[in-house]
Amino acid sequence: MGVFALLTIAVVATAVIWKGSELLEQAAENLSMYYGLPVAVHGAIVVAVGSSFPELSSVVISTLFHGEFSLGVGAIVGSAIFNLLVIPAFSALASERLEATRDIVHKDAQFYIISVLVLFIVFALGATYVPGGTNRAAVLTPTLALIPLATYGIYVFLHQQDTSEHVADETVDVRPIREWGILLVGLVLIAVGVEGIVRAALELGAIFETPSFLWGLTVVAATTSLPDAFVSVRAAKNDDSVTSLTNVLGSNTFNLLVAIPVGVLLSGSATINFLAAIPTMGFLAFATLVFIIFTRTHLELTDNEAYGFLGLYLLFLLWMGLESTGVIETVQGI
């Protein structure tokens with residue numbers, strides 16, 4: 001199959017993902033109102049998990065149907081970087097003022113830092129303590145996968161405490177069975193679209209003789225992050241900064257602590273390129289610190305800071321591009 005045909009498949013698959021995500025987001029919002037969930041929980045759990053379904057699908061599909069767990073990991077890490085730098089920037093530029101709260105910075109952002117640390121520890125354990133692991137490859141087992149899953153359980157528990165203390169403002173006229181049906185249709189559309197993206201990325205990688213991890217880190221990551229971008233930008237336009245920012249942090253937390261372990265559990269065990277994963281995880285940690293500093297300063301994200309986010313993401317893409325073409329060799333795994 002030619003490059004043009006593969007690019008066409010990728011574009012059509014992206015449109016399918018977009019439509020499925022739109023249905024999912026609308027149904028999730030209506031169900032949150034029906035069940036009386038607070039705004040922070042809606043953004044950090046309901047919307048975040050829903051809009052993260054493309055990333056989860058990329059791990060499941062690439063692992064089960066294509067035997068490419070590394071592409072799924074690349075998509076998760078790349079999506080996390082995209083979410084932290086590009087989505088808040090677009091949200092800030094699309095709104096008059098994108099405000100943060102101390103609760104977002106001190107709870108959601110800090111727990112997200114914990115999720116990055118936990119995943120790094122899991123990778124390190126897979127490289128040093130699991131038979132077969134080396135300083136070049138980390139072997140992830142179902143036992144190791146339970147560590148991030150348990151950590152996410154704590155995250156959900158903390159938000160559940162907020163839910164138990166919350167009193168809904170008003171009742172809304174929502175037909176829950178219909179909304180659950182719409183939500184399931186959205187999930188199916190997203191899964192179909194992700195399969196198209198993953199297949200196109202793998203074949204393009206073979207044509208250009210580049211590793212699948214790199215395609216997951218850039219193309220698949222940006223494509224599967226479109227639902228998160230759609231949700232956050234629309235929330236920002238509606239002056240709902242809390243949902244806009246908590247969706248980003250909640251999605252990243254879900255992706256790191258749930259999506260990657262699910263891929264490990266489905267495959268029984270998985271091996272990742274430790275040399276390639278650690279530098280990119282390091283960039284993710286750096287991007288996280290930049291995000292926290294910028295949002296904590298005056299508890300808002302200005303246009304200049306948004307442009308700084310976009311510049312940092314372009315720098316990341318340039319770095320990956322130079323690595324893939326062999327111009328520089330700072331990441332040995334790529």
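**Aromatic pairs and helix packing**

Trp319 is buried, at a relative accessible area of 19% (buried is under 20%, exposed over 50% and partly exposed in between, with a 1.4 Å probe and protein chains only). The model is a predicted one, so to speak of local features takes a pLDDT of at least 70 and side-chain atom pairs count only at 80 or more, while totals for chains, interfaces and linings use all residues. Residues are numbered from 1 along each chain as its sequence is written, and side-chain values use heavy atoms, with hydrogens and water left out.

On to the rings. Searching the whole structure turns up twelve aromatic pairs (rings of Phe, Tyr and Trp, the last by its six-membered ring, with centres within 6.5 Å; stacked if the planes are under 30 degrees apart, edge-to-face if over 60, tilted for the rest). One of them joins Phe283 to Trp319, a tilted pair at 6.0 Å centre to centre with 40° between the planes. Phe283 sits in helix H11 (residues 274–296) and Trp319 in helix H12 (residues 303–325), so this pair ties together parts 36 residues apart in sequence; helices here are DSSP runs of H or I with at least four residues, numbered from the N terminus.

Now the helix packing. Helix H1 (residues 3–35) packs on helix H9 (residues 226–237) at about 45°, the axes being 9 Å apart; axes are lines fitted to C-alpha atoms over the stretch in contact, and angles run from 0 to 180 degrees between N-to-C directions. That makes H1 oblique to H9 (under 35 degrees is roughly parallel, over 145 roughly antiparallel, 65 to 115 roughly perpendicular, and the rest oblique). In contact terms (heavy atoms within 4.5 Å), the H1 residues meeting H9 include Trp18, Glu22 and Glu25, and the H9 side includes Phe230 and Arg234. By class, this contact has six nonpolar, three polar and four charged residues (Ala, Val, Leu, Ile, Met, Phe, Trp, Tyr, Cys and Pro are nonpolar, Asp, Glu, Lys and Arg charged, and the others, Gly among them, polar).

Helix H3 (residues 53–64) and helix H7 (residues 176–208) pack at about 55°, with axes 9 Å apart, which makes H3 oblique to H7. Phe53, Pro54 and Ile61 are among the H3 residues that meet H7, whose own contacts include Leu187, Val194 and Glu195. The H3–H7 contact divides into eight nonpolar residues, three polar and one charged.

Technical notes:
Helices (H or I, at least four residues) and strands (E, at least two) are DSSP runs, numbered from the N terminus.
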